[in-house]
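Biologist: I have a model open and want to learn how to read it. Please take me through it, feature by feature.

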Amino acid sequence: MAALLLGAVLLVAQPQLVPSRPAIPGPEASGQPRQQELLRKAATLQDDLRDGAAPNGSVQQLPQTIIIGVRKGGTRALLEMLSLHPDVAAAENEVHFFDWEEHYSHGLGWYLSQMPFSYPHQLTVEKTPAYFTSPKVPERVHSMDPSIRLLLILRDPSERVLSDYTQVFYNHVQKRKPYPSIEEFLVRDGRLNVDYKALNRSLYYVHMQNWLRFFPLHRVHIVDGDQLIRDPFPEIQKVERFLKLSPQINASNFYFNKTKGFYCLRDSGRDRCLHESKGRAHPHVDPKLLSKLHEYFHEPNKKFFQLVGRTFEWH
């Protein structure tokens, strides 16, 4: 048992698990030497791992990969598909550590406690779609681990807006609360309402610029969410390569469910599909309004393509 605990301590001492800059909100200049600050945090994480070690040798590790977004881009599907890999340990819930001040104030020890138990060879993955559009998050993630690998899944911006509305609409329906039509959100004084939050979330180049201030492009893998829906296997293969995982996920892990209208997963003879809330039909939108939506995103999309050096089949 002592050997297992020693192994956990050695693991946390590795560079990828040691924050490189303060992870607690506050002034950068604390008056404390940088070396002492890093040693203090390393010791704290070592204590956390030592206390939380399981008898089978698994421990909780800070994530080496985070799915940062985008909301309604297919993050849940991506996480479920990635979880088919035996070397991936995924956090079940959206942690909201870096974007919620209440959570962030608890520090890395709290964040660590939210992670699944995993073996040393496994990759711990967390997903919180709101990270991508939260201004403070990139710097905070970088402070924890500048070498972390980031996954970003995107869909056609217009389709993402409709999915965003649909989710909130059904949340109100379930609570038997009224909710305005999508036209009431999209149109104000006869023009497109650019203050609608769902529109802002689809301005990918704005948010991507913020992330690229702290991470080089090769640290971010962009998953084509529309392609993941149509043909998931090739997209997951690209993710495996980006994460330097051995190719373990196969085409046989996916099958098209005609009833649901999208791909489901098959793992060790067990079939499972995403929750019924996924893949809901979008509301009908007047074609002229939809055309305005496509036109609005035309230039922002071009800027995004130039920023990341690739194009997508979006309107």
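Predicted model: local features only at pLDDT ≥ 70, side-chain atom pairs only at ≥ 80, totals over all residues.

Biologist: Which residues of helix 12 are buried?

Modeller: Buried means under 20% relative accessible area, with exposed over 50% and partly exposed in between (1.4 Å probe, protein chains only). Helices (H or I, at least four residues) and strands (E, at least two) are DSSP runs, numbered from the N terminus. In helix 12, residues 232-242, the buried ones are Pro232, Phe233, Glu235, Ile236, Val239, Glu240 and Phe242.

Biologist: How many residues of helix 3 are buried?

Modeller: Six of its eight, so helix 3 counts as mostly covered. They are Thr75, Ala77, Leu78, Leu79, Met81 and Leu82.

Biologist: Now a strand. Which way do the side chains of strand 5 point?

Modeller: In a regular strand the side chains alternate between the two faces of the sheet. In strand 5 (residues 123-127), Leu123, Val125 and Lys127 point one way. Thr124 and Glu126 point the other way. Five of the five residues of strand 5 are buried.

Biologist: Which strands pair with strand 5?

Modeller: Two strands pair if DSSP finds at least two bridges between them. Strand 2 (residues 65-69) runs parallel to strand 5, joined by three bridges. There, Ile66 has Glu126 as its bridge partner. Strand 3 (residues 88-90) also runs parallel to strand 5, again with three bridges. Val88 stands opposite Leu123.

Biologist: And where do I find hairpins?

Modeller: Strand 10 and strand 11 form one, with four residues between them. Four bridges join this antiparallel pair, and Phe256 faces Tyr263 across it. In the turn, Gly261 has a positive phi of about 85°. Strand 11 then runs antiparallel to strand 12 (residues 270-272), with three bridges. Leu265 stands opposite Arg272. That hairpin has two residues between the strands, and Ser268 takes a positive phi near 55°.

Biologist: How do I describe two packed helices?

Modeller: Two packed helices are described by the angle between their axes and the distance between the axes. Axes are lines fitted to C-alpha atoms, for helices over the stretch in contact, and angles run from 0 to 180 degrees between N-to-C directions. The axes of helix 7 (residues 157-174) and helix 13 (residues 287-308) come within 9 Å and cross at roughly 125°. That makes helix 7 oblique to helix 13, because angles under 35 degrees count as roughly parallel, over 145 as roughly antiparallel, 65 to 115 as roughly perpendicular and the rest as oblique.

Biologist: Which residues make that contact?

Modeller: Helix 7 gives Pro157, Ser158, Val161 and Leu162, and helix 13 gives Leu290, Leu293, His294, Phe297 and Asn301.

Biologist: How many helices and strands does the protein have?

Modeller: It has 13 helices and twelve strands. Of its 315 residues, 48% count as buried.

Key:
Residues numbered from 1 in each chain as written. Heavy atoms only, no water. Contact = heavy atoms within 4.5 Å.
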